[in-house]
Amino acid sequence: MTKSGSKGGNLRDKLDGNELDLSLSDLNEVPVKELAALPKATILDLSCNKLSTLPSDFCGLTHLVKLDLSKNKLQQLPSDFGRLVNLQHLDLLNNRLVTLPVSFAQLKNLKWLDLKDNPLDPVLAKVAGDCLDEKQCKQCANKVLQHMKAVQADQERERQRRLEVEREAEKKREAKQRAKEAQEREVRKREKAEEKERRKKEYDALKASKREQEKKPKKEANQAPSKLTRHCKVPALSLSDAQTTVRPVGLSRLGAARQGPRESKSGSRPRKPPPRKQARSWAVLKLLLLLLLLCVGGGLVACRLTALQQQPLCATVNTIYDNAVQGLRRHEILRWVLQPDSQQ
């Protein structure tokens, strides 16, 4: 296959004023990038080539006023072909086109059109008619534009109708969903009311049973003295028997009174040991403080005694340490403590 640049050569050499002739160049692809670099070429002739499609970026050549694509193998035009708004003359003779894109209706400046020798749709072919002379080609352009505008309007109405149908369907779905949710809420509300009524009945029944149980001991307590007075007779005691029975009881009460304070003393509450959680937290805190001191001390020793002294971080640490030592040496008590260190 022949590429666009193999026989196209330098396009600037083929530019004659505002006309660029690339006919009979055996092109399989349109050199869109090269054409975009030539905005002066408002008239473009691509006839008698082997073009089967036009790339979508071809529609960005909005500077074109006259375009000849006759005698190629084009089966369709790009969907956004209507972007070529400055196009006035379009020759599509002897291709393989069946329909035109809807955006074709946007070519408001189109004055001349030739669609002969294409397997057009019967309706489109009837609208286009013959293009045997200048007048018929102008009429073809006008009629085709009107037809494509009508097609575009029909498609827009169909799109709006589909959108309306979809909106109505969405409204019905939403209404159905709302009705379902309302029904579910009603069911839950009824179930809650039934559950509340059931628990209320259970509570009332439990309360009634408790009242019945409380009444039974009272009845039994009231009936017990009467039974004892009916069936039991208290024997008469002599004076000596009464004294013997009273003395032990008094002594026993007195002994219990004396033993009571002893038991209360011996039964004093022991002190509660401190909670374990508090002891554990103190131990963990001490351990963390010890680890922190070890880390600080280890870092200080490493910065003072190892080759890390030249590192920026160790230089900062050493400066802070020296300043702290000098500040502490100013005090008389600490000066005596730090004196051995200075001698070393």
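Guide: Happy to. In this predicted model, six strands make up an open sheet, ordered β1-β2-β3-β4-β5-β6, with mixed pairing. The edges are β1 (15-16) and β6 (112-114), each of which pairs on one side only. For a parallel case, look at β4 (residues 66-68) and β5 (residues 89-91), which are joined by three bridges. Leu 67 has Leu 90 as its bridge partner in β5.

Now zoom out to the largest nonpolar core, which has 41 residues. Phe 104 is among those with the most contacts inside that core, along with Phe 58, Phe 81 and Leu 113. The elements giving two or more residues to the core are α3 (32-36), α4 (122-128) and α5 (134-231). Of these, α5 gives the most, with five residues.

Back to the edge strand β6, which spans 112-114. Asp 114 forms a salt bridge with Lys 116, with the closest N and O atoms 2.9 Å apart. The two partners sit on either side of the burial cut-off: Asp 114 has 4% relative accessibility, so it counts as buried, while Lys 116, at 23%, counts as partly exposed.

Glu 158 and Arg 161 form a salt bridge whose closest N and O atoms are 2.5 Å apart. They are three residues apart in α5, which means about one helical turn separates them. Glu 158 counts as partly exposed at 31% relative accessibility, and so does Arg 161 at 46%. Arg 162 joins in too, linked with Glu 158 and Arg 161 in a network of salt bridges. Further on, Glu 170 and Arg 173 meet in a salt bridge at 2.4 Å, N to O, and they also lie three residues apart in α5, about one turn of the helix. Glu 170 is partly exposed with a relative accessible area of 33%, and Arg 173 is partly exposed at 49%.

For context, the chain contains nine helices and six strands, and 22% of its 344 residues count as buried.

Note on methods: Residues numbered from 1 in each chain as written. Predicted model: local features only at pLDDT ≥ 70, side-chain atom pairs only at ≥ 80, totals over all residues. Heavy atoms only, no water. Pairing = 2+ DSSP bridges. Helix = DSSP H or I, 4+ residues; strand = E, 2+ residues; numbered from the N terminus. Buried < 20%, exposed > 50% of the residue type's maximum accessible area, 1.4 Å probe, protein only. Core = buried A, V, L, I, M, F, W, Y, C linked by side-chain atoms within 4.5 Å. Salt bridge = Lys/Arg side-chain N within 4 Å of Asp/Glu carboxyl O.
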